[in-house]
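Here is a walk through one protein model. Keep the sequence and the 3D view open as you read.

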Amino acid sequence: MIQEHSRLSVSDGENHRSRNLLIRFIVGGTTLVVSISAYFSYQAARNMTLQDLRQSAFLEVQRGGDEIEEWLHVRQVEVETLANTPTVRSLTWSIAEPYLTAEVNRIKEFFFFQMVNLDGSFANTKVGPSNKNIKDRDFFQKAIAGKSNISDPFISRSTGIPLIAIATPIWATTPPVGSPIGVFHGNVKVDHIQEVVNSLYYGPNSYAFALNSQGQAIVHPNSALMSTIEKPAPSLLKIGDRNLNAIAQRMVNKKQGIELMEIDGTQKYVAYLPLKSANWSVALVIPRQNIESRLQFLDAIALIVGGLTVTMITVLWRVQAFEQAELKKSKAAADTANLAKSEFLANMSHELRTPLNGILGCAQILLRSPALPESEQYHVNIIEQCGSHLLTLINDILDLSKIEAKKLELHPQDVHLPSFLQGIAEICQIRAKQKGILFIYEPASNLPTGVHVDVKRLRQVLLNLLGNGIKFTDAGKVTFKVEVIDQPPSDEQIVKHQIHFTVEDTGIGITPAELSKIFLPFEQVGDKKRQAEGTGLGLAITRQLVQMMDSDIHVQSQIGEGSSFYFELEIPTAHDWVQSAMTISDKQIIGFAGEPYTILMVDDRWENRTVITNLLQPLGFNVVEATNGKEGLEKAIALQPNLIITDLLMPEMDGFELIQNLRQTPEIQDVKIIVSSASVFEADQYRSLQAGGNDFLSKPVQADELLQQLASHLNIVWIYKQSQTEVTAKESTTANSQSPQLTPPSTEVLQELITLASKGNFNAILKWADQLEDTDIIFAPFANELRQLARQFDEDLILNFLHQYAVEKV
């Protein structure tokens with residue numbers, strides 16, 4: 001009885017502690033959530049309010065700038081109008097003086113008008129003709145070059161008064177033809193500009209100033225910074241105040257904005273704005289409290305909320321010190337586990353991608369070989385498809401784990417649907433045959449020919465479902481059915497087909513309890529032996545992809561009889577797939593125009609180097625290999641290649657260090673660098689480009705992507721294999737035209753070239769072409785034609801060409 005009571009007491013104590021923990025968690029969590037929300041709300045409100053206040057201050061400067069701009073614009077229009085009058089165009093001062101004097105009195109804004117001859121001599125309405133010369137004035141030089149302009153303030157040589165010249169060229173005709181015949185300008189005092197600048201105000205102790213293009217004050221409350229007749233104004237670009245110096249630099253560089261900085265020993269906002277019509281800037285200096293005083297109420301509320309939060313958190317922290325310590329330990333353990341998982345997945349990806357690079361690379365090389373028999377091409381195609389599917393699975397596992405892209409996206413493209421489905425069926429046929437079961441593919445007779453769909457994702461969905469069917473079937477068959485469901489006529493221009501996919505098997509089946517879990521990540525059903533064969537991600541990935549295609553997967557199953565998975569997709573028809581396919585098939589790259597390029601391949605794995613070498617050497621590239629970064633740097637300095645392809649993870653010196661060394665070596669610092677790695681992390685890709693790489697090439701290397709990057713960085717013009725029709729047409733044209741513009745070499749050289757062509761030694765023929773071109777310029781057209789034919793690697797075509805000229809020589 002006592003023991004029972006003890007057990008009950010312990011149980012009650014545990015329940016009490018659990019309730020207290022739950023209460024503390026709720027109170028602490030609520031306090032924390034409210035506090036965080038209040039803090040971010042305060043920050044958002046404060047930032048928005050401060051931004052509005054700063055914008056209001058900036059608008060005051062903008063108002064003054066607009067007023068000055070408008071005034072200057074009106075004065076400039078008046079000057080340009082007077083310059084176009086016949087009176088001014090006469091350049092005769094005795095005629096123009098009474099007219100211009102009347103205009104000065106009428107407009108009342110100008111101090112005087114002045115006419116200047118091409119030699120710099122002038123006359124104005126204040127002093128008449130003058131024996132002085134203004135040819136060196138900047139406003140005169142700009143106007144005589146044909147540009148209307150507004151000058152910086154200057155001391156007038158005729159009056160000794162600070163003025164601003166609004167100058168424009170005088171043209172002999174309208175519209176202007178030829179060069180100006182003189183310069184006309186109206187000079188104004190700085191009084192109006194000073195009045196506008198001094199009117200700018202934003203609270204007590206604020207003041208405004210204006211600077212010219214040299215950083216000198218046009219208007220400033222500090223008289224020591226203003227120009228006088230005795231001495232010019234000092235430039236704010238050269239004064240000792242570092243902050244004013246920085247603001248002046250921004251104003252001279254025509255920047256605009258509002259900044260908080262220390263001026264005259266206190267924090268002030270400086271709003272500055274450039275003018276458009278003149279090369280000046282206006283600024284307004286505002287004490288910080290004039291703007292931020294309106295934020296004090298928000299700051300007080302934030303302080304109160306912050307104090308309450310700190311108090312509540314402190315109380316809870318003292319109560320829950322032990323629980324928090326345990327939570328930190330658990331979090332550290334979880335972080336360690338997550339880091340280990342990320343490192344494992346990254347290393348696994350790299351290790352899997354490296355042999356896949358060799359498999360897919362060699363498959364691509366074999367598929368490009370014209371000597372490969374058609375029967376063997378079929379098997380190589382299967383190897384390439386299986387390898388590509390394995391690569392897709394690796395990428396999708398990483399995508400689902402949110403290590404790389406954090407999300408999945410669909411990228412539809414045009415595809416020939418019957419051959420696409422046939423390829424999937426052939427892959428599964430091999431798997432089923434290896435297991436000793438029957439695989440049946442039943443396509444609909446009315447399958448659409450071309451469709452627009454994400455080929456990669458649809459292939460993954462079907463291979464996952466078919467792979468599971470084969471995996472869980474020990475005897476019997478797996479059936480893959482594709483049906484087209486009749487669709488009602490659509491008014492849309494794009495025709496869509498409702499296609500029903502079914503995967504049936506005669507396998508072990510799934511229990512009703514397991515059916516609800518099969519689409520969950522990392523959930524595996526069935527016996528333990530089969531569970532060990534996968535990751536538990538296949539069906540989760542598959543369902544997510546089908547849902548992204550606006551559908552869902554359904555399943556029916558009975559234990560011991562088998563399962564049926566099915567889904568329907570609405571897929572639009574593709575009309576241009578035939579043209580796209582023909583373009584791709586007819587454009588096989590077999591060489592490039594111009595001199596050979598040297599490519600340095602740096603990788604510690606021989607299979608990776610072999611893939612690049614065997615892809616590029618047949619096209620005419622000189623490929624040099626290096627086994628690590630140190631060796632690659634030495635060869636790069638010695639050879640100075642056109643482009644370098646480098647791995648990242650290597651002994652001796654890794655790819656990052658190699659790139660840094662290359663960029664710091666003067667003779668090769670501008671070489672193009674492609675980083676080729678199996679790394680799945682965007683951080684590694686970004687880091688390699690930041691270090692100085694020009695592009696990133698993922699492993700396994702895809703030939704098309706490699707060639708596209710080479711063309712982009714080396715400006716390569718590819719030579720494509722000619723179709724039989726093109727070859728026949730070219731041979732006929734060559735035979736009929738007799739190519740009179742091509743001068744062939746001697747008979748001995750022609751016989752040597754024929755011998756080399758018969759042996760298929762195209763590299764030697766290319767060297768002969770270069771040698772002929774260097775020997776005499778007359779052989780250049782023949783050498784160029786010879787070079788183009790040699791890069792097509794067509795023995796018959798080049799022999800026909802050489803025999804034609806050999807016969808002519810005889």
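H11 and H12 run roughly parallel to each other, because their angle falls under the 35 degrees that sets this class. Helix H11 covers residues 417–435, and its axis lies 10 Å from that of H12, at an angle of about 25 degrees. Axes here are lines fitted to C-alpha atoms, for helices over the stretch in contact, and angles run from 0 to 180 degrees between N-to-C directions. The crossing of H11 past H12 is right-handed. A crossing is right-handed if the near helix is turned clockwise from the far one by less than a right angle, and left-handed if anticlockwise.

This is a predicted model, in which local features need pLDDT of at least 70, side-chain atom pairs count only at pLDDT 80 or more, and totals for chains, interfaces and linings use all residues. Residues are numbered from 1 along each chain as its sequence is written, and side-chain values use heavy atoms, with hydrogens and water left out.

Which residues of H11 meet H12? Among them are Phe420, Leu421, Ile424 and Ile427. Their partners in H12 include Leu458, Leu462, Leu463 and Leu466. Contact means heavy atoms within 4.5 Å. By class, this contact of H11 with H12 has 12 nonpolar, 1 polar and 4 charged residues. Ala, Val, Leu, Ile, Met, Phe, Trp, Tyr, Cys and Pro count as nonpolar, Asp, Glu, Lys and Arg as charged, and the others, Gly among them, as polar.

Stay with H12, residues 455–471, and find Val461 there. Is Val461 buried or exposed? Val461 is buried, at 1% relative accessibility. Buried means under 20% relative accessible area, exposed over 50%, and partly exposed in between (1.4 Å probe, protein chains only). Leaving out residues up to four places away in sequence, Val461 touches Thr542, Leu545, Val546 and Phe567. The C-alpha atom of Val461 is 8.0 Å from that of Arg543, and the two residues are 82 apart along the chain.

Now step back to the whole protein. It has 26 helices and 26 strands. Helices (H or I, at least four residues) and strands (E, at least two) are DSSP runs, numbered from the N terminus. Of its 810 residues, 43% count as buried. Take the contacts between residues at least 6 apart in sequence: 64% of them join residues at least 24 apart.

Helix H23 spans residues 747–758, and its axis comes within 9 Å of that of H24, crossing at roughly 155 degrees. That makes H23 roughly antiparallel to H24. The crossing is left-handed. Val749, Glu752, Leu753, Leu756 and Ala757 in H23 meet Ala764, Ile765, Trp768 and Leu772 in H24. By class, this contact has 8 nonpolar, no polar and 1 charged residues.

H24, residues 762–775, also packs with helix H25, residues 780–790. Their axes come within 8 Å and cross at roughly 165 degrees. H24 is therefore roughly antiparallel to H25. H24 passes H25 in a left-handed crossing. On the H24 side, the residues include Phe762, Leu766 and Ala769, and on the H25 side they include Phe782, Ala783 and Leu786. The contact of H24 with H25 has 10 nonpolar, no polar and 3 charged residues.

Two further helices show burial at the residue level. In H5, residues 191–199, the buried residues are Ile193, Val196 and Val197. Seen down the helix axis, they fall within an arc of 95 degrees, so they line one face of H5. The arc is that of the directions from the helix axis to the C-beta atoms. An α-helix has 3.6 residues a turn, so residues three or four places apart point the same way. In H17, residues 606–616, look for Thr613. Thr613 is buried, with a relative accessible area of 9%.

Finish in the loops. Most residues other than glycine have a negative phi, and most peptide bonds are trans. Lys108 has a positive phi of about 65 degrees, although it is not a glycine. Lys108 sits in the loop between helix H3 and strand S1, and is exposed at 68% relative accessible area. Asp550 also has a positive phi, near 65 degrees. Its loop runs between helix H15 and strand S18, and Asp550 is exposed at 74%. Thr174 and Pro175 are joined by a cis peptide bond, with omega about 0 degrees. Pro175 lies in the loop between strands S6 and S7.

Key. Parallel < 35°, antiparallel > 145°, perpendicular 65-115°, else oblique.
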